[in-house]
Amino acid sequence: MSIFTRVWSRMRAIDLPLLIQEMRIRQRGIRPFTVMALYVAVLSVIALITLYISGSTTNISQSSMSDLGRSIFTYLSIAQLAMISLIVPAYSASSVSAERERHAFELLALTLIPSASIVTQKLGAALLQAMLLLVASIPVISIVFFFGGVSPFEVILVYVVLLLSAVMYGTFGMLCSCCFGNTRSSTFAAYLGVMGFVVGLPIIGSILQSIFFTSRSRGDNSFFVTMTGGFAFGCAVIALVVYACIVSPIAKRVTERWKVRAFRMGIFGAVFAVVTLTLSNSLVTDAVVSTLYYQNIFLPLFVNPFMAVTTFLSSSSFYSRSASYYIASTIAFAITCGYFFRHLSIVKFHALRRSQ
Amino acid sequence: MLRIENLTKQYGKLTAVNELNLELKAGDIMGFIGPNGAGKTTTIKMVSTLLKPTSGTVYVDGIDVSADPELVRPLLGYMPDSFGLYEDVKVWEYLDFFAAAYRVPRPKRMGTIDDILELTDLTVKKDSFVSDLSRGMQQRLLLAKTLIHDPKLLLLDEPASGLDPRARIEIKELLKELRKMGKTILISSHILPELADFCNKIAVIEQGKLVVSGDVESIMNQCRGGAVLQIKLLERSEEAVDMLNALHAVRGAKIDDGYIFATYIGNPGEEYLILEALVRNGHKVQSFCELEMDLEDIFLKVTRGAVA
């Protein structure tokens, strides 16, 4: 048997009943078609408006056409991010709460599908639906190639950021869905969380930035040291509390698998604590502060996909160091948050499964 | 198959289930009876691993439910009292999902679904949407889902509630089929005459406490305390009541709605002596029969109508 046959037969053996069921339920009726049509229509309208406004004021030269292409792509990317931020939490925030509302949760809880698989399959269904929207947007986005100014690599990178943002918001929606008994509350909480990510973090960051650079101008890094030290301490405490209160009682009662999860959770918090403690070291702090200061990097942009994409696309060269930092840190943050929220969702779902 | 030992569930100060003890052998069908709020659903949920008991232990096929819920789940078929249906899926898709979720091997899955649909008389509705089914059909589908992985123990919580008489009869026939298949069933219901036909055991619960449990026959004999005779005379009923009350074999004869009801405590099979005595005294007897005792009578006799 060839390796391909073996891989194919193994793939055929994978059973994902919940993913299939969710996709069936989600894709039936007029709603998914309407959402997709509206999504593409909004993007088309934005592209046309940008084309109309910018086109009437620019000359037809190669460089201006490139600028036009780049600005259309920037607006479309931001619009996609905004729509993904609105749509994905709504998709995932109903995943578990809707089961409880339609009295199907008990039946699901009694199946032999492990909690981690239930959460992952439900999340997968919500994200696949978001991916459908992203795929549907490709024909609209591709008009930028008529004008130039955007490389295929940049388009792919922006789509990666879009997808990972969907993962981050989707997993947060899933966590809310596990925490709240009804879809209305979980959706509200999910939107509140996304608002926090999109608006709250930059506001907090801006406040810290102003204090931080004021201190820096006086040659004083004590605030930064205190902040990172405090953050490290906080991470360690949170890791410990999470381990003690949520994971370890389950690990005691259930299986080895949960002990492994608890161990991973502890490692996760510990790595965070070590990294931030290292950052709080005065030598490291000085180096980081110097980099931020001389590269003119705005602190809150580190984890915000909106600002990262805007900065990335408005910078003259992709190889601009600050733009690369923004994209890399945003991707890293989205992956970390996605992992963390998924893990918490599994823990919460498992607890819910045993205490209806 | 099922052993419940000192099972207790408390919600704050409220004790929903109090020191409950039950035992079901393989093939037993137990009717779990009690007024609303008595603790039936809470008990069934604890057996089904959905609720953690405050204290006590439940064993299914010798496995401790609290210690090893994952091992117990394949043995259980739980049918809740509320509908747990996905309405935007077809009947076969609904069953296919649960078959996969209970790890029914893929090659066997469609065959199993066809068999279950035939058993529940839903074959013609295989490609219909769940939302298009009548309430009775949806309930049968829920039962089909419960049977999909061939569980050893069925926990049926009010399977006939909210159904019209025809749908209730259909569910009842289905349950009789399950009895023939040798399934062990714990079934709670308010509609007691339906349980009487196919349960060999009953357990009555009130305010979270087990009032009575055991074989239907022995509980009936225990509760009966004597056969009730229903007598209709053409005239002089009051005089006949006085005469009956004077007999040693009769206790507490009274007139109700033109009939005489007398509790016979004499030797079984000698009720005809009462009829002879009445005729001998010149009473014109229009009808004379022994009233059958059913689950409703037992239920009313052993419970006080209180809730937990």
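Tutor: Two strands pair if DSSP finds at least two bridges between them. Strands (E, at least two residues) and helices (H or I, at least four) are DSSP runs, numbered from the N terminus. The model is predicted: local features need pLDDT of at least 70, side-chain atom pairs count only at pLDDT 80 or more, and totals for chains, interfaces and linings use all residues. Residues are numbered from 1 along each chain as its sequence is written, chains are lettered from A and ligands numbered from 1 in the order in which they are written, and side-chain values use heavy atoms, with hydrogens and water left out.

The part to look at is an open sheet of four strands in chain B, with the order β12-β13-β11-β14 and antiparallel pairing. At its edges stand β12 and β14 (285-291) of chain B; each has a single partner strand, so one side of each is left without a neighbour in the sheet. From one strand to the next the twist averages 20°, where axes are lines fitted to C-alpha atoms, for helices over the stretch in contact, and angles run from 0 to 180 degrees between N-to-C directions.

Start with β12 (residues 250-256) of chain B, which is joined to β13(B) by five bridges and runs antiparallel to it. Here B:Arg251 stands opposite B:Thr263 in β13(B). The two strands form a hairpin with two residues between them, and B:Asp257 in this hairpin takes a positive phi near 55°.

Next comes β13 (residues 259-264) of chain B. This strand is mostly covered, with five of its six residues buried; buried means under 20% relative accessible area, exposed over 50%, and partly exposed in between (1.4 Å probe, protein chains only). On to β11 (residues 227-233) of chain B: five bridges join β11 to β13(B), again antiparallel. In this pairing B:Ala227 stands opposite B:Tyr264 of β13(B).

The remaining pairing is that of β11(B) with β14(B), in the antiparallel sense over six bridges. The bridge partner of B:Val228 in β14(B) is B:Leu291.

Two helices belong in the picture as well. Helix α9 (residues 237-246) of chain B packs on the sheet and touches β11, β12 and β13 of chain B; contact means heavy atoms within 4.5 Å. The direction of α9(B) makes about 165° with that of β12(B). Helix α10 (residues 272-280) of chain B lies across β11, β12, β13 and β14 of chain B, running at about 160° to β14(B).

Chain B also has a hairpin formed by β9(B) and β10(B), with two residues between the strands. Six bridges join β9 (residues 201-206) to β10 (residues 209-215), which run antiparallel. B:Lys201 has B:Asp215 as its bridge partner in β10(B), and B:Gln207 in the turn has a positive phi of about 50°.

For a helix elsewhere in chain B, take α3 (residues 91-101): ten of its eleven residues are buried, so α3(B) is largely enclosed by the rest of the structure. Among the buried residues are B:Tyr94, B:Phe97 and B:Phe98. The buried residues of α3(B) pack against α2 (17-27) and α6 (105-109) of chain A, together with α4 (106-119) and α5 (135-147) of chain B. Just after α3(B), B:Arg103 takes a positive phi of about 60°.
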